[in-house]
Amino acid sequence: MEASVELLSDGAQFKKSNYIEARADLLQSSLVHRDKQKQQISVHRIVQDAILATMHVTKKRLMFDQVVRILWANWPSAMPKPSKKPELPQPKSTGGRLHVGRWPVCAAIYPHVLRIHQLWPAILDPSEATRLHFAKLLNEAAWYQKERGRTKDFDGFFETALSICEFSTHPDRDSLLADIYFCLGAIAMDASDFDTSRVHKERSLDLVSKICEELGTV
């Protein structure tokens with residue numbers, strides 16, 4: 001419920017009684033469903049599409065940014081803590097690579113990442129921070145799929161993340177690129193494509209070395 005309030009309040013004072021009253025009206029239709037056990041409310045795709053179609057581009061951009069931040073804040077990261085302190089907020093946890101205990105949380109968040117990835121082309125002029133935040137989330141989600149052995153194109157997440165980084169000037173860009181290339185190298189290694197794996201891992205190492213040189217830790 002807190003996430004819904006953050007997304008929809010527009011800065012207005014939130015009253016739980018108003019929320020419950022509005023929710024009760026919506027639940028009478030088949031377009032909104034409530035799962036009491038999981039404490040979740042799902043909205044039919046038709047309603048989502050109708051709202052998005054009439055939403056102002058500025059509002060849509062703001063909503064996208066907030067959704068990315070909420071998902072990222074709750075994602076248990078597989079990536080190790082970066083050598084350089086990032087400017088963007090950190091996820092729920094770090095360094096969980098191959099830790100199966102985080103998989104249920106990732107599985108619950110993944111469909112939302114997939115949905116906003118579908119919406120990404122319609123988001124006009126997102127901020128540099130939103131772009132890189134989104135790319136980080138995509139890299140994490142793709143790596144989760146790798147851990148689960150679901151490797152069919154990774155829903156295009158790596159490609160989108162790389163395309164965002166290609167034109168990014170954000171200070172966190174190189175750290176993210178190093179993670180992406182490491183992931184791609186590991187995936188190529190699993191596929192016995194050793195030449196491609198070496199190329200990706202060398203790119204990752206070069207970026208890490210560059211960051212360490214800038215920090216004076218080499």
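1. The second largest pocket. In this predicted model, the second largest pocket is lined by Pro80, Lys81, Pro82, Ser83, Arg97, Ser175, Ala178, Asp179, Phe182, Ser204, Val208 and Ile211. The space inside comes to about 180 Å³. The largest share, four residues, comes from H8. By type, the lining divides into six nonpolar, three polar and three charged residues.

2. The cavity. Rolling a probe the size of a water molecule over the atoms shows where empty space is left. How many cavities of 30 Å³ or more does a search of the whole structure find? The search finds one. About 200 Å³ of space lies in this largest cavity. Its lining has 18 residues, and Trp72, Met79, Pro82, Lys136 and Asp179 lie nearest the centre. H6 and H8 each supply at least two of the lining residues. The lining of the largest cavity divides into seven nonpolar, five polar and six charged residues. Look again at Pro82 and Asp179. Both are in the lining of the second largest pocket, and both are among the residues nearest the centre of the largest cavity.

3. Overall layout. The protein has nine helices and two strands. From the N terminus on, the order of elements is α-α-β-β-α-α-α-α-α-α-α. The C-alpha atoms fill a box of roughly 60 × 35 × 30 Å, taken along the principal axes. Of the 218 residues, 38% count as buried. Among contacts with a separation of 6 or more, 62% are between residues 24 or more positions apart.

4. Helix H7. H7 covers residues 157-166. Phe157, Phe158, Thr160, Ala161, Ile164 and Cys165 are buried in this helix. Viewed down the axis of H7, these buried residues fall within an arc of 165°, so they line one face of the helix. Glu159 and Glu166, on the other side of H7, are exposed. What do the buried residues of H7 pack against? Their partners are helix H5 (103-119), helix H6 (128-147) and helix H8 (173-190).

5. Asp172. Asp172 sits in the loop between H7 and H8. Is Asp172 buried or exposed? Its relative accessible area is 3%, which is under the 20% cut-off, so Asp172 counts as buried. The side chain of Asp172 reaches the backbone nitrogen of Leu88 at 3.0 Å. Beyond its neighbours within four places in sequence, Asp172 is in contact with Pro86, Glu87, Leu88, Leu132 and Lys136. Lys136 is another name to follow, as one of the residues nearest the centre of the largest cavity.

6. Ser77. Ser77 is found in the loop between helix H4 (57-74) and H5. Its relative accessibility is 3%, so Ser77 counts as buried. Which side chain does the side chain of Ser77 join in a polar contact of 2.3 Å? The partner is Glu140. Not counting residues up to four places away in sequence, Ser77 touches Pro91, Ser93, Thr94, Gly95, Gly96, Arg102 and Glu140.

7. Positive phi. Most residues other than glycine have a negative phi, and most peptide bonds are trans. Phi of Asp125 is near 50°, a positive value in a residue other than glycine. Asp125 is in the loop between H5 and H6. Asp125 is exposed, with a relative accessible area of 63%. Phi of Ser192 is near 60°, also a positive value in a residue other than glycine. Where is Ser192? Ser192 lies in the loop between H8 and H9.

8. Where to look again. H8 comes up in several places. H8 gives four residues to the lining of the second largest pocket. H8 also supplies at least two residues of the lining of the largest cavity. The buried residues of H7 pack against H8 as well. The loops on either side of H8 hold two of the residues above: Asp172 is between H7 and H8, and Ser192 is between H8 and H9.

Note on methods: Residues are numbered from 1 along each chain as its sequence is written. This is a predicted model: local features need pLDDT of at least 70, side-chain atom pairs count only at pLDDT 80 or more; totals for chains, interfaces and linings use all residues. Side-chain values use heavy atoms; hydrogens and water are left out. Buried means under 20% relative accessible area, exposed over 50%, partly exposed in between (1.4 Å probe, protein chains only). The arc is that of the directions from the helix axis to the C-beta atoms. Contact means heavy atoms within 4.5 Å. A polar contact is a pair of N or O atoms within 3.5 Å; within protein, one must be able to donate a hydrogen and the other to accept it, and residues adjacent in sequence count only if both atoms are side-chain atoms. On a 1 Å grid over the protein atoms alone, a cavity is a set of points where a 1.4 Å probe fits but cannot get out, and a pocket is an open set with protein on both sides within 12 Å along at least five of seven lines; lining residues have an atom within 4 Å of a point. Grid points are joined across faces, edges and corners, and a volume is the space filled by probe spheres set on the points. Ala, Val, Leu, Ile, Met, Phe, Trp, Tyr, Cys and Pro count as nonpolar, Asp, Glu, Lys and Arg as charged, and the others, Gly among them, as polar.
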